Amino acid sequence: MSQFIPFNTVDINYLTAQLEQKIDALQLLVSKIEASPTSTWNSIIAPLHSSLYELNYIWGIAEHLQSVRDSPELRDFHEKYQPILTDLYVGLGQNQQLYRQTQAIKDQEYSQLNAEQQKVVNNELRDFRLSGITLAPEQQQEYKKIQNKAAELNTKFDHNVLDATDGYAKYVSRDELAGVPTDNLSIYQEQAQSDGRDDYKITLHMPSYLPIMQYANNRELRRELYHAYVTRASELSADGKFDNSAIIRQILDLRYQKAQLLGFKTYADYSVYTKMAETPEQVLDFLYQLAEKSRDYAQRDLDELREFAKQLDNLDELQAWDIAYYSEKLQEQKYSYSSNELKQYFQLPKVFTGLFALIKQLYQVEFISTQNMPSWHPDVTTYDVIQHGKFIGHIYFDLYSREGKQSGAWMNSAQNRSMDNGEPRLPIAYIICNFTKPIGTKPSLLSFDDVQTLFHEMGHGLHHLLTTIDNSAIAGINGVEWDAVELPSQFMEYFAWDYAILRTITAHVETGVELPEELFAKVLASRHYQSGLQMLRQLEFSIFDLKLHGKYDAHTADYLQLINQVRQEIAVITPPEYNRFANSFGHIFAGGYAAGYYSYKWAEVLACDVFSQFDGKSGAELAELGDKFYKTILSQGSLRPMMENFKALMGREPQIEALIKYSGMQ
Ligand SMILES: [Zn+2]
């Protein structure tokens, strides 16, 4: 019953032929549907979704291959078809006839549909409305203009940040870099060499900028770089060419207009509408609660750092450009373990066995290695996923970094679970990481960060694989609210911090002994290092973002005043007046996080709250909790709002106390 993706025969010709065919089929189907005399689930939505499923499946394979085995042909393929697909999807979202037919299903057939189908119909109608389909013709024109202008400005914002970052370089001598580790020095030297110079080149790109702020003893150099970094893309930057100030105001104005057109009070209301949180006020309330709980801890962190800087260098005033530097030194002094020492305990095969054992305990799900699934690279390992003796899906692991592979780690769907005319398609997941490849007979050793990454992505993978939903549009992670989708992944990460679990996945590469508790205690303490300061920083960004897209008026108010006001309310560190961090805050001005930056903290609260129930449990008790998590969350896809799932699991709404505790602030 298995349906493998034929990676051994997939090439550009196959992909092109398949995609062309699926596009034609979809277009043909849409014109057929538009002329359909009946508007029912079976005449409209079922065939449309089935056709979209086929198209996305092929497109997904091409996208996947581009990310793990890039080639000029794949890039050309992507460049050619991406705009075609975008047009196709936008066209569907703006198809009046399709909208009327979907509305007719809602009006006439709805009560006879099952719960999954009802949810799909409601989602479709919601998305139609959010794409402006119910607006009067002039308003629709207006809406399109806003969308296009906003997209243009988002790109411009992004380019300005990039250009401002690229536009800066500083060349220094070896003497000026005292304190900087040799690894970094050789990179600065190489970069100067490629400019035909024999000194050292520093830029504002993070891997170049950060080591200076962390390690350079030269305070004046740190101050100068800090100034350049925090004034990027502003009126204060050295060349002033890439100023984002006016663009920010325009973007905010357009977003406000868009929200108003669609019937929302503010852009924040529009953003939160499709999320788990119910109102912007609820989110603000949540963020301020967290701020109140963490402020004293942040103050304590800062006092400790000031005291340390005073003792070490007789520093009277700790400035913004001193914080990373002294934090690094204080951390070294407080927690004397090296990440290399820790790494010796995490052999990849052992970590895998332990992770699989944990999953089996929690969900009675097993991973059986299989040799007969074709893949895209010899490093890839493949598994059948078995639950209670039943085959429920497949998973690919592609774990080592190599050339032509995108950096980072992610889980992606190779195939969604779906039931088409009684024919099941089972979920298939990709888990992609960039760990160090084993050398010779020695196994690959993971850093503790790698271990957490693996657990995290596995959480997403389980959410995708363990779904019991038949409609792919709401199966697995599809349609799950943006601020809740990290719940299963962050939840899994917490297990890596549980010593009872952690010891089972460790064995020293030479001696075979498990991770000693004393070493783990140090790691745990360093996890909480400056957690108050870190928490407040994230809250500052989140509150600023939400207020900016809430009551803020782009015409009369000043976003610089707003950020100052937020800082006065909650922060313990006040950066210099010239700090223009908003001018390079791409998450909210160029990415998808507008009025949604809070999602990171929101999901963390959910995950931590849930994990607190599992903490310290074992055996039958753990299995029982795992089963409950599976039934209320992992299997549910987006059939129900996550808040309902959460309440079904926990018997109450989320609470922040667990996160406070697990951040060491208690
Ligand atoms: Zn994630």
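This section describes the zinc site and selected salt bridges of a predicted model.

The zinc ion is coordinated by the NE2 atoms of H456 and H460 together with an OE atom of E486, at 2.1 to 2.2 Å. Along the chain, these donors follow the spacing H-x3-H-x25-E.

The structure contains 30 salt bridges. One of them joins E224 and K170, whose closest N and O atoms are 3.1 Å apart. Since E224 lies in helix α9 (residues 219-230) and K170 in strand β1 (residues 169-172), this pair ties together parts that are 54 residues apart in sequence. E224 is partly exposed, with a relative accessible area of 30%, whereas K170 counts as buried at 18%.

Helix α9 also contributes R219, which meets D322 in a salt bridge with an N to O distance of 2.7 Å. D322 is located in the loop between α12 (280-313) and α13 (323-334), and the two partners are 103 residues apart, so that the pair links distant parts of the chain. D322 is buried, with 0% relative accessibility, while R219 is partly exposed at 32%.

A further salt bridge is formed by K310 and D316, with the closest N and O atoms 2.9 Å apart. In this pair, K310 is partly exposed, with a relative accessible area of 37%, and D316 is exposed, at 69%.

Conventions
Residues numbered from 1 in each chain as written. Predicted model: local features only at pLDDT ≥ 70, side-chain atom pairs only at ≥ 80, totals over all residues. Heavy atoms only, no water. Donors = N, O, S within 2.8 Å, 3.2 Å for Na, K, Ca; no water. Salt bridge = Lys/Arg side-chain N within 4 Å of Asp/Glu carboxyl O. Helix = DSSP H or I, 4+ residues; strand = E, 2+ residues; numbered from the N terminus. Buried < 20%, exposed > 50% of the residue type's maximum accessible area, 1.4 Å probe, protein only.
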